[in-house]
Amino acid sequence: MAMYKSLSLQQTADLIAAVGDKQTILAQGEMGIGKSSILKMLKTMPQFKDHFFCYVDITTKDVGDFLVPKIRTIDGIEVCSFIPNEEFGIHFKNKKVVLMLDELGKAKGGVLNACLRLMQERALGTYTFEGVVFATTNLSVEGVGDVVPPHARNRVTQVRVRKPNAPELMEHAINNNWNPIIVATINEFPEMLASFEDYEKPEQNHYINDPRTVRSAFVTPRTLDKSGYILDKTMILGEDIMCHALAGTVGEPAMHNILTMVKLDTQLVSWDDLIKSPTTVNVPNNGAASCMLVAKAVQRIEKATMNAFMEFLPRLSKEAQGLFARTVMTDNCPKRDVAATNTKFATWAASNNYLFSRK
């Protein structure tokens, strides 16, 4: 196996933050894994708090969308100059830019050539700017039209971005209020996040997209997120509608797994009952149910309910306790302060600090 084969999304964002002011990173990865979210990751970094963030969808651009002509007079002579599209952020004087060129490999005609000075010189026409530039593209082997020729690749640093693994995606899902049923599904079926490159034959994993076969719907982090929204909106419409919509989003094999988690969710104690009777309510007896409950807890705890939940937490398995602690204390968790300022949580954390380390 090759060393240094790929980077995670967070590692890619860290690399861009470190070198992106001089060297453009081309983030290459499978569809739907969250490459576009790198821009949001950069926004959370303190060194970019005064930067202007620009997103450019290269699939929608023609050469004429970069610069447009404007007639002006120099020394009494009319000349044609060119002014830049505001999407690139070059018009912001005295302010640095973080510029993302999304779907670079799908650039039409001369559009890729128009991007080369942006990526190498931080310039467009006669305009220059300071800041970070990076680009994203799908893998050419996926067959969705992404091609970056050698002369363009030679101007950038190519990075292979891997899919998030189950713990990484669960943490993101919980902190971004994904449906807890989807979080439990990820925990129970981590093979949904595997890469097609891990298998010799497509039939070894029916969940994922594989360029060697045709699947109209399949699992990616993007479709799992959308499935959570579908669950939120269609449960009241009946199983036929809900399952049909899920199958058309993540594929039939994953739909059946999600349906299993839906039925398991109906057996869990309600949040109100848990808070009212934390020492006596039933405790989940399997990993999937515990994961679902932890996801709900991270999303729903408040200062008024945190003490009650901390009476319940030690009744869960150590694995579930660790999942709660690691997730709620991540930098981007909205409920971090609720836990961090709670005395019972601090006492529990001191006694269980080993649970904060990832295995």
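Let's start with Ser 195: it sits in the loop that links helix H6 (180-188) to helix H7 (221-234). Keep in mind that this is a predicted model.

Is Ser 195 buried or exposed? With a relative accessible area of 12%, Ser 195 is buried, because anything under 20% falls in that class. Its side chain also has a polar partner: Ser 195 and Glu 30 are joined side chain to side chain by a polar contact of 2.6 Å. Which residues does Ser 195 touch once its neighbours within four places in sequence are set aside? Those contacts are Glu 30, Arg 160, Lys 163 and Ile 208. Glu 30 therefore turns up in both lists, as a contact and as the polar partner, with heavy atoms within 4.5 Å being what a contact needs.

Now for the whole protein. There are 15 helices and nine strands, and 48% of the 359 residues count as buried. Among contacts with a separation of 6 or more, 71% come from residues 24 or more positions apart.

| Property of the protein | Value |
|---|---|
| Span of the C-alpha trace along the principal axes | about 85 × 50 × 45 Å |
| Accessible surface | about 18400 Å² |
| Part of the accessible surface belonging to carbon and sulfur atoms | 52% |

How values were computed: Residues numbered from 1 in each chain as written. Predicted model: local features only at pLDDT ≥ 70, side-chain atom pairs only at ≥ 80, totals over all residues. Heavy atoms only, no water. Helix = DSSP H or I, 4+ residues; strand = E, 2+ residues; numbered from the N terminus. Buried < 20%, exposed > 50% of the residue type's maximum accessible area, 1.4 Å probe, protein only. Areas by Shrake-Rupley, 256 points an atom, 1.4 Å probe, with all protein chains shown as cover. Polar contact = N/O pair within 3.5 Å; in protein donor to acceptor, adjacent residues only side chain to side chain.
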